[in-house]
Amino acid sequence: MDYANSFSYSDSRVPQNSTIIHHGDTSIKIGKYRSANSDEIRPEDNLLLKSKSRSSVKIDEGNLENIYSIIKDTYPEFDEKNYVITKGNAQSINQNNGEIEETEYINFKFKVGEFETTSGFTIKARNNIVEAIYDNTVDFNKEMNILNQENSLRTRSTNENDIELLKNEAINELLEKYNNCVEVNPEDVTYKYLYDIDTDKKYVEFTIRNTIGDNSTNEVAEAYDTVKFEI
């Protein structure tokens with residue numbers, strides 16, 4: 001779960017809805033990783049925060065200045081104003097004693113104009129102590145160049161009539177995907193603009209809340225699906 005939550009996602013609910021239920025040590029290793037040191041730094045982790053400084057980095061009542069400072073050690077041009085900041089809490093539940101441990105994940109997602117990206121940084125913290133800062137940037141120099149250019153990313157690329165048509169198309173795609181077995185309220189559909197830095201493509205992405213079950217008995221399950229269109 002920690003590995004999955006170390007990445008940035010277009011839907012910020014991903015880490016928030018993560019729960020792991022276990023019967024013992026949550027840091028236990030299985031398979032080929034069973035003898036790994038839980039505190040070792042692996043190159044693939046892309047950690048900006050090294051283990052020796054973990055205990056000294058705190059988040060004080062939402063103040064993220066310490067985080068900004070660490071990121072700027074690697075990327076001096078980093079400016080938090082260029083990022084969308086979202087937060088989510090993942091849980092681990094020990095079935096033996098009922099103890100619940102929460103891990104906070106803070107995502108900095110790079111944004112240009114109205115377009116979000118999944119490039120950026122993910123911070124992992126427990127009890128306001130920062131345990132890791134993951135570098136999920138695609139290409140920091142390229143991102144700075146994008147910011148300095150006056151291009152179409154700074155303006156909306158579709159009007160409201162286009163959005164309404166695409167929303168209906170997204171709903172129809174979802175209903176077809178589930179053979180019309182789910183219910184969708186158009187008012188529960190939201191959208192945002194996404195930019196793929198790797199491919200230089202722009203999208204509008206719809207998040208669609210859909211339900212299945214019996215409302216009269218409150219036995220309803222809900223899910224959130226996304227449908228995106230290139231624009």
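User: Let's start with Tyr193. Is that one buried or exposed?
Analyst: Tyr193 counts as buried, because its relative accessibility is 3%. Keep in mind that this is a predicted model.

User: Okay, and which residue does Tyr193 form an aromatic pair with?
Analyst: With Tyr191. Their rings sit edge-to-face, 6.0 Å centre to centre, with 90° between the planes. Tyr191 is partly exposed, at a relative accessible area of 32%, while Tyr193 is buried.

User: How many aromatic pairs are there in the whole structure?
Analyst: A search of the whole structure turns up 13. One of them is Phe78 with Phe121, which is edge-to-face too: the centres are 5.7 Å apart and the planes make an angle of 85°.

User: Where do Phe78 and Phe121 lie?
Analyst: Phe78 is in the loop between helix 3 (65-74) and strand 2 (83-94), and Phe121 is in strand 4 (residues 115-126). They're 43 residues apart in sequence, so the pair ties those parts together.

User: Buried or exposed, those two?
Analyst: Both Phe78 and Phe121 are buried. They also belong to a cluster linked by ring pairs, together with Tyr68, Tyr75, Tyr83, Phe108, Phe110 and Phe140.

User: Switching topic: what about charges? How many salt bridges does the count come to?
Analyst: The count comes to 8 salt bridges. The general idea is that side chains of opposite charge can pair when their charged atoms come close.

User: Which residue does Glu116 meet in a salt bridge?
Analyst: Lys109, with 3.3 Å from N to O. Lys109 counts as buried because its relative accessibility is 1%. Glu116 counts as buried as well, at 13%.

User: And which residue forms a salt bridge with Lys124?
Analyst: That's Glu131, where the closest N and O atoms are 3.5 Å apart. The side chain of Arg126 also meets Glu131 in a salt bridge, at 2.9 Å from N to O.

User: How buried are Lys124 and Arg126?
Analyst: Lys124 has a relative accessible area of 9%, so it is buried. Arg126 is buried too, with 18%. Glu131, on the other hand, counts as partly exposed at 23%.

User: Which residues do salt bridges with shared partners join into one network?
Analyst: Lys109, Glu116 and Lys192 are joined into one network that way.

User: What sits over the ring of Tyr203?
Analyst: The charged end of Lys228, 4.5 Å from the ring centre.

User: Now the surface. Which residues form a nonpolar patch there?
Analyst: Tyr3, Phe7 and Tyr9, with about 300 Å² of accessible area together. Phe7 is in the loop between helix 1 (2-5) and helix 2 (13-16). Its relative accessibility is 35%, so Phe7 counts as partly exposed.

User: Let's zoom out. How many helices and strands does the chain have?
Analyst: There are 5 helices and 8 strands. Going from the N terminus, the order is α-α-β-α-β-β-β-β-α-α-β-β-β.

User: How much of the chain counts as buried?
Analyst: 39% of its 231 residues. The chain exposes about 13,800 Å², and carbon and sulfur atoms supply 42% of that.

User: Last one: what share of the contacts comes from residues 24 or more positions apart?
Analyst: Taking the contacts with a separation of 6 or more, residues 24 or more positions apart account for 56%.

Note on methods. Residues are numbered from 1 along each chain as its sequence is written. This is a predicted model: local features need pLDDT of at least 70, side-chain atom pairs count only at pLDDT 80 or more; totals for chains, interfaces and linings use all residues. Side-chain values use heavy atoms; hydrogens and water are left out. Patches are made of residues with over 30% relative accessible area and no salt bridge: like charges are joined within 9 Å, nonpolar side chains (Val, Leu, Ile, Met, Phe, Trp, Tyr) within 5 Å. Accessible areas come from the Shrake-Rupley method with a 1.4 Å probe; for residues, only the protein chains shown count as cover. A salt bridge is a side-chain nitrogen of Lys or Arg within 4 Å of a carboxyl oxygen of Asp or Glu. Helices (H or I, at least four residues) and strands (E, at least two) are DSSP runs, numbered from the N terminus. Buried means under 20% relative accessible area, exposed over 50%, partly exposed in between (1.4 Å probe, protein chains only). Contact means heavy atoms within 4.5 Å. Rings of Phe, Tyr and Trp (its six-membered ring) pair if their centres lie within 6.5 Å; planes under 30 degrees apart count as stacked, over 60 as edge-to-face and the rest as tilted. A charge sits over a ring if NZ of Lys or CZ of Arg is within 6 Å of the ring centre and within 35 degrees of the ring normal.
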